[in-house]
Every structure is written in C-alpha cells, then in structure tokens.
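Here is a short report on one protein model. Keep the sequence and the 3D view open while reading.

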Amino acid sequence: MNTPSSRPGTARTDGSPVRIGALVPLTPPGWVGAGRHLLAGLELAAREVNDTGGIAGRPLELVVRDTAADPQRAAAAVDELAGLGVAALAGEYHSVVARAAAARADALGLPFLCSSAVLDTLTEQPTEWVARLAPAQSHGWGIYADFLLGAGHSRIAVAVQPSVYWASGTRILRDHLAPRGGTVSELDLRALTPAAVCDELAESRASALLLLVGHPEPAVSIVRSVRRDQRLAGITIGAPAGQPEFPEWATLLGGDSAAIPFLRYLPERLGPLGVRVETALRERLAEAPSFVAFEGYDTVTVLAEALRTHGTDRARTAGSWPHVAVEGTRGRIQFTRTPGSGVWQWAWAPVQVVDRDPAHPDRFRILHEG
C-alpha cells in the first residue's frame with residue numbers, strides 16, 4: 001500500500017519518488033486500532049509534504065507493510081523494503097516488533113525513525129541508524145509510578161502476560177516503588193482466569209490492579225470481572241500501556257471503560273500546528289485521534305525535513321539525527337543520547353496520566369503530568 005504522491009491543484013512534484021518504508025500493525029494479533037491511527041498520521045504528513053513540493057521537487061511515497069505484531073514478519077519487511085530502495089523506515093507500535101526491525105535496520109545500514117515503541121533497549125548495542133520519538137518505557141512508566149504513589153497506592157498488583165515488554169514494565173514499577181515502601185505482586189495470566197484474578201485480589205491488600213496484558217483480550221474480560229465483584233469495589237484499575245486511549249475501549253466496555261488511568265503522550269494543550277493536525281486527523285479517522293496518530297504525523301515530518309536538508313543518502317540521513325530541530329505537533333523535536341538507550345532519542349515527548357471521565361467516557365481527565 002502506497003500513499004498518493006500528490007493531489008490535483010497542489011504543489012507540483014516531478015521525478016522519481018523518494019520512498020519511506022512504513023511498518024504498521026494492521027491485522028491481528030497486532031493492535032489494529034493503534035495501527036490504523038499510526039498509519040493515518042503517517043499518511044497525512046506524507047500528503048502535506050507533497051502538497052508543499054515534496055523532497056526537493058520529488059514526491060514522497062510511503063511503502064506500507066503490515067507487521068501484525070510479528071517480529072519475524074517485521075524483520076522480513078525491513079529486508080524487503082531495503083531491497084526496494086527506501087531512503088528510510090518509519091513507524092511501528094509494538095515494542096518487541098520495533099526491536100526486531102531496529103536490529104535489521106542497524107545491520108543493513110537503513111535509517112529507522114521509530115514512532116511509538118517504548119522499550120528502552122531497541123538495539124543490543126549503540127547504533128547511529130535508529131532514532132525514536134516515543135518516550136523510553138523507564139521514563140513514562142516511572143512517571144506512572146509517581147502518580148500511583150501520589151494517589152495513595154503503595155501495594156500494587158499486576159495482571160501480567162509473558163512478554164519482554166510486560167516484564168520490563170513490571171521491573172520499572174518495582175524499582176520506582178520499592179525505595180518508597182511500595183510493593184508489586186504479579187498475577188500470572190498463564191495460570192489465572194479473570195475470575196481467579198478477582199479471588200487473588202480479594203485476598204490481597206493491593207489497592208490497585210494494573211493491566212499488563214493484551215487488548216482487547218484478556219484486558220476487557222478482567223475489567224468486567226473486577227467491576228462486577230463487590231469485594232473489589234474500592235480497587236483502582238490502571239493500564240499504563242494505554243489500552244483505554246482508543247475508542248474501541250469505550251465501545252467494548254461502556255461505563256466500565258472510565259476511571260482507568262493510563263499513559264498518554266500529549267501536552268495539556270496543543271499548539272497551532274497540533275490543533276490543525278488534530279482537525280485533519282479527526283476527519284481522516286472519523287473519530288478523535290489518539291496520541292499514536294500524532295506520533296505518526298511527527299515521524300514523517302521529521303524524516304521529510306532530514307531528507308530535504310541532508311539529501312536521500314542513507315548514511316547522511318542517519319548522520320542528521322543530532323542536527324534535527326523540527327516543530328512537531330507536540331513540541332520541538334530534537335534528538336540526544338540518553339542513558340540506557342543505544343538509539344537517538346527525543347527527550348522527551350510530553351507525558352500525561354489520564355483517564356476517561358466517568359460522567360462522559362468519551363472525554364479524558366488529566367490526572368498527572370511528568
């Protein structure tokens with residue numbers, strides 16, 4: 001799937017296209033809602049680049065590949081896209097998939113700007129080829145841990161599935177909570193049904209349950225079970241990975257979708273660019289855009305500026321990361337090296353803890369900012 005190179009009546013672009021490979025989860029078991037929003041942002045920015053003359057008069061073209069949350073499929077897509085001559089890679093939502101893509105991009109010498117994945121270690125060793133827009137997991141989840149403590153939660157239970165990403169999140173929470181007297185107990189979803197999770201919670205002294213699980217299942221079933229268990233009336237459910245961000249969450253859970261705090265990478269108020277892009281994304285998606293859609297837009301905006309300024313040679317593009325200074329939808333984007341990450345990192349995108357308002361589940365309340 002490729003984006004149209006231009007529209008009638010817009011700035012003219014001639015010559016062979018400059019191609020960017022776009023990695024997006026568009027089919028299950030990938031998080032399809034997140035993938036759809038990510039792609040909408042990527043495509044909107046690509047269209048606007050072409051409306052303003054493309055890359056030195058050449059049209060920008062996205063070459064989209066569905067990763068379906070499969071690391072091997074993503075690595076194969078990187079190989080294919082490199083062979084097709086793309087100037088750079090963009091996108092991906094799932095952290096474990098992005099890590100596989102980053103490893104292949106590094107091995108092939110292909111610039112990769114990761115849009116949404118947060119796992120701290122995207123590559124096993126430092127690389128000049130990979131940069132990232134989303135905050136590292138240790139940064140965002142540390143802010144979430146601060147929120148929990150500020151809200152009076154020191155005994156935390158996590159319903160967790162086996163995953164490098166979930167294991168990393170659990171470790172970050174424990175490391176942040178333990179020095180201040182907090183504890184994290186794990187409920188292994190390999191052995192527990194949603195009903196059994198409720199029984200474990202009822203016997204514990206935990207005041208919060210965090211969903212470190214897939215979406216929509218088993219997350220939706222766990223929420224329904226906990227909400228209907230009178231023994232757990234006072235427990236807070238949280239979802240640091242952001243499952244409640246997307247409209248599907250409210251559609252599936254109705255009133256049960258509210259008051260579940262999650263991480264969101266948006267400022268309290270968007271600037272003029274963000275407001276304009278939000279309007280265009282809402283029209284494109286026929287629903288409110290998530291922060292993931294803004295990440296997609298910012299990704300292409302950054303890559304287009306790098307390609308315009310430094311040319312389409314892959315090594316020159318990768319060499320441009322420390323020189324990038326671009327106004328994105330959520331602030332000024334610049335890349336630095338940060339401790340614990342081997343990639344070029346925007347430090348940092350805005351971080352909020354928000355939830356859906358119980359009185360209006362289609363609206364969000366900002367509970368904490370970091």
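## The opening unit

Which unit do strand 1, helix 1 and strand 2 make? Strand 1, helix 1 (residues 32-51) and strand 2 make a right-handed β-α-β unit. Right-handed here has a set meaning: with the strands pointing away from the viewer, the path from the first strand over the helix to the second runs clockwise. Helices (H or I, at least four residues) and strands (E, at least two) are DSSP runs, numbered from the N terminus.

This is a predicted model, in which local features need pLDDT of at least 70 and side-chain atom pairs count only at pLDDT 80 or more, while totals for chains, interfaces and linings use all residues. Residues are numbered from 1 along each chain as its sequence is written, and side-chain values use heavy atoms, with hydrogens and water left out.

Strand 1 (residues 18-24) pairs with strand 2 in the parallel sense, over 7 bridges. Pairing requires that DSSP find at least two bridges between two strands. Arg19 stands opposite Glu61 of strand 2. Strand 2 (residues 60-66) has 6 of its 7 residues buried, so the rest of the structure largely encloses it. Buried means under 20% relative accessible area, exposed over 50%, and partly exposed in between (1.4 Å probe, protein chains only).

## His37 in helix 1

His37 belongs to helix 1. Is His37 buried or exposed? His37 counts as buried because its relative accessibility is 1%. Its side chain makes a polar contact with the side chain of Ser290, at 3.1 Å. A polar contact is a pair of N or O atoms within 3.5 Å; within protein, one must be able to donate a hydrogen and the other to accept it, and residues adjacent in sequence count only if both atoms are side-chain atoms.

Contact in general means heavy atoms within 4.5 Å. Not counting residues up to four places away in sequence, His37 touches Ser290 and others, including Phe246, Pro247, Leu285, Glu287 and Val292.

Most residues other than glycine have a negative phi, and most peptide bonds are trans. Where are the cis bonds? One runs from Pro28 to Pro29, with omega near 5°. Pro29 lies in the loop between strand 1 and helix 1. The peptide bond from His215 to Pro216 is also cis, with omega near 5°. Pro216 sits in the loop between strand 8 (208-212) and helix 7 (219-227).

Ala68 has a positive phi, near 55°. Ala68 is in the loop between strand 2 and helix 2 (71-83). Ala69, in the loop between strand 2 and helix 2, has a positive phi near 60°. Ala68 is buried because its relative accessibility is 6%. Ala69 is partly exposed, at 24% relative accessible area.

## Nonpolar cores

A nonpolar core is a set of buried Ala, Val, Leu, Ile, Met, Phe, Trp, Tyr and Cys residues joined through side-chain atoms within 4.5 Å. How many residues does the largest core have? The largest has 76 residues, and Trp141 and Phe335 have the most contacts inside it. Helix 10 (residues 291-310) gives the most to this core, with 10 residues.

Leaving aside neighbours within four places in sequence, Trp141 is in contact with residues including Tyr165, Trp166, Leu173, Leu212 and Leu263. A second, separate core has 26 residues, among them Leu192, Ile237, Leu253 and Val354.

## Strand 15 and its partners

Strand 15 (residues 352-357) has 6 of its 6 residues buried, so the rest of the structure largely encloses this strand. Strand 10 (residues 262-264) pairs with strand 15 in the antiparallel sense, over 3 bridges. Leu263 stands opposite Val353 of strand 15.

Strand 16 (residues 360-369) runs antiparallel to strand 15, joined by 6 bridges. Gln352 stands opposite Glu369 of strand 16. Strand 15 and strand 16 form a hairpin, with 2 residues between them.

## Cysteines

How many disulfides does a search of the whole structure find? The search finds 0 disulfides. A disulfide is a pair of cysteine sulfur atoms within 2.5 Å. Cys114 counts as buried, at 0% relative accessibility. Cys198 is buried too, with a relative accessible area of 2%.
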